[in-house]
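Me: I would like to go through this structure term by term. Please set each value against its cut-off.
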Number of protein chains: 2
Amino acid sequence: MKKRYLLTPGPTSVPPEVLQAGSRPMIHHRAPEYEPLFTRTNEGLQYVFQTTKPVVSFASSGTGAMEAAVVSILSPGDKALTVEGGKFGERWTEIAQAYGANAIPVQMEWGHAIKPERIEKLLREHPDVKAVFITHCETSTGVLTDIKNIGQVVASSDAVLVVDAISSLGAEMLYSDEWKLDIVVSGSQKALMMPPGMAFASISTKARTLLQSSKCSKYYFSLSKYLKNLEKNTTPFTPAVSLTLALDQALELIRKEGLEQIWARHERLARAIRSGIHALGLELFAKDRANVVTAVKVPEGIDGAKIPKIMRDDYGITIAGGQAKLKGKIFRIAALGYADTFDVTTVLSALELTLKRLGHPVKLGSGLKAALEVFETS
Amino acid sequence: MKKRYLLTPGPTSVPPEVLQAGSRPMIHHRAPEYEPLFTRTNEGLQYVFQTTKPVVSFASSGTGAMEAAVVSILSPGDKALTVEGGKFGERWTEIAQAYGANAIPVQMEWGHAIKPERIEKLLREHPDVKAVFITHCETSTGVLTDIKNIGQVVASSDAVLVVDAISSLGAEMLYSDEWKLDIVVSGSQKALMMPPGMAFASISTKARTLLQSSKCSKYYFSLSKYLKNLEKNTTPFTPAVSLTLALDQALELIRKEGLEQIWARHERLARAIRSGIHALGLELFAKDRANVVTAVKVPEGIDGAKIPKIMRDDYGITIAGGQAKLKGKIFRIAALGYADTFDVTTVLSALELTLKRLGHPVKLGSGLKAALEVFETS
């Protein structure tokens, strides 16, 4: 018997009641019983996005919502800043270029977040930029970007700000309206505690004015189509009905706990993980750290691929390795979504055993002690 | 207490074991436990598509797979025949035009299927056509098109044949390889007996050669991306994990029953429905009839919207009304996917009661008698 634990930055563990809600008998999406479900989930999403503006849902992975943002506001040749500091930032550039936009990649050293001042300077240098595409939590590096102040900067220009909050929404503080984030995209399989397969996008009034003039080719991911249908309380294409049922249940859990409490929980869990990591003599990778996921440098002399492998195969704990150029150099632990105190002690316990087996000097229990000290006082 | 029955051409009723499979605890799509699941479902899809060629899966509705076919083989300006004989045929034209292709819509009277000879003639008139886009079962009209012989016609030209088999795959006879269908697209929520949210596309060698030269803008729906990842037994973006678990279970049910037996079951159910409809003095809408869905003309003097409404609200039976220009003029009954004998008697029972209430002269039991006579002998 081996119990399994999922501590990756997505897909994350799904609460049993959410899994169950997703397994209810099928209902037709054009039938009246679907309408209150659709209304309720849309309102719940507005709460999670902290917006009074519409939030639309796609049957797709999070990347689909990113594509929807790009193709719905840009035209070929349009200038756009795409902030790159990891695999997902680079995806903004890839999508924009795939649709013929004039993407200006803004490269950040991996592990570091861009500062609002740099965006301000770039917008002065390129006053014709239509949109700034940015990543809230860069899942590949564990970096959190200050989108609050970047929101202020972009709001005072003609450009719109498009935020990839796929892994951060519902885990990190985010106020779409107050922070003037024009389009925020997210996915189901992270802090929303759902299976993958649904993606979301909120749209500000400023972003909405761009939809009419956008000339990028689009069909399935046309935001206008979804917005037009939303007004009639429906969807342009068959929605992922079972995932919508799961979303409804997940949103109920989120409302019950309260968004501020959820953000505080993620902060506490991440702080305990970081504290445990430090106590084990390991180093964190990111300078500007997210609570969503903690990236840890693989200690010298240890095979980086072995840490997640032993944890998974021998202890049943799934964490994430490094991606792209960080492969083998970091590992990533996420107490994200449906995660609490003893998910942290579980993953640290397995990590201590794993590091010891790999020959790293570990005083067993030292990481755990540090984590418990965090929990004792917060 | 009101039991509910779903007899629409999608979403269709999902077997309890498939719903349950989709509610299993989340697994990570890059973890080794996902690999055998992915391999098994891909092989199962090849069986359902009757192909030895790759079948790729998208997290999207069926329309997403249609878009994938268009954007992955065409370039802006490319000539394509789009056969229109209903709402879904028109969708081919819309997608092709959205991406700047030179779509030549081939209009059919709704209710009628195009003949292979007409395609042959069109291909002679337009020898530079890159692709023919067609609908196997036009869900909006209940028409089935002879894609077997159209496959032969297109195979002897330079064009490729792209078939929307979203509602037909797994219900109507279809041999992708033998019939030389280059790209076949389908969706999860029809005969595959799954919730909506997954879509599929098979790709022939002939179609594959077009992927390199295609210049339509694309990212999420790039077939090349999915094929490249399939070779490494993975997906370019996070797949719909819970739906993949459901698919695995649905494919097991399909294998157990056998594709030929499933086609025969759908034929028998459709024949019984048609027989019942005739016995009630009603007329069928389609001339070239699919087994997927039976479109019935609303009798004169009766409010067409009321038939599905009474059946649903008063009897708990969801059937479909007419779409687009057929709104109020037809209603559609589908014994599709997870459906058998007593789904047919249930829907006919409710229809008899409904028609009688609406003042249509009905001898109660007459439609049922005709259906039972079909079941008695087949």
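Me: How many residues of chain A are in contact with chain B, and what makes a contact?
Reply: 43 residues of chain A are in contact with 43 residues of chain B. Two residues are in contact if their C-beta atoms, placed from the backbone, lie within 7 Å. The model is predicted: local features need pLDDT of at least 70 and side-chain atom pairs pLDDT 80 or more, while totals for chains, interfaces and linings use all residues. Residues are numbered from 1 along each chain as written, with chains lettered from A and ligands numbered from 1 in written order.

Me: Which helices of chain A each supply at least two residues of the side that touches chain B?
Reply: H1 (16-21), H3 (62-73), H4 (87-98) and H9 (241-257) of chain A. Helices are DSSP runs of H or I, at least four residues; strands are runs of E, at least two; both are numbered from the N terminus.

Me: How many helices and strands does chain A have?
Reply: Chain A has 13 helices and 14 strands.

Me: Why is chain A called as compact as a globular protein of its length?
Reply: Its radius of gyration is 21 Å, and the globule rule gives 21 Å for 378 residues. The values are close, so chain A is as compact as a globular protein of that length. The radius is taken over C-alpha atoms; the rule is 2.2 Å times the number of residues to the power 0.38.

Me: What share of chain A is buried, and what makes a residue buried?
Reply: Buried residues make up 57% of the 378 residues in chain A. A buried residue has 20 or more other C-beta atoms, placed from the backbone, within 10 Å of its own.

Notes. Buried ≥ 20, exposed ≤ 12 C-beta atoms within 10 Å, placed from the backbone.
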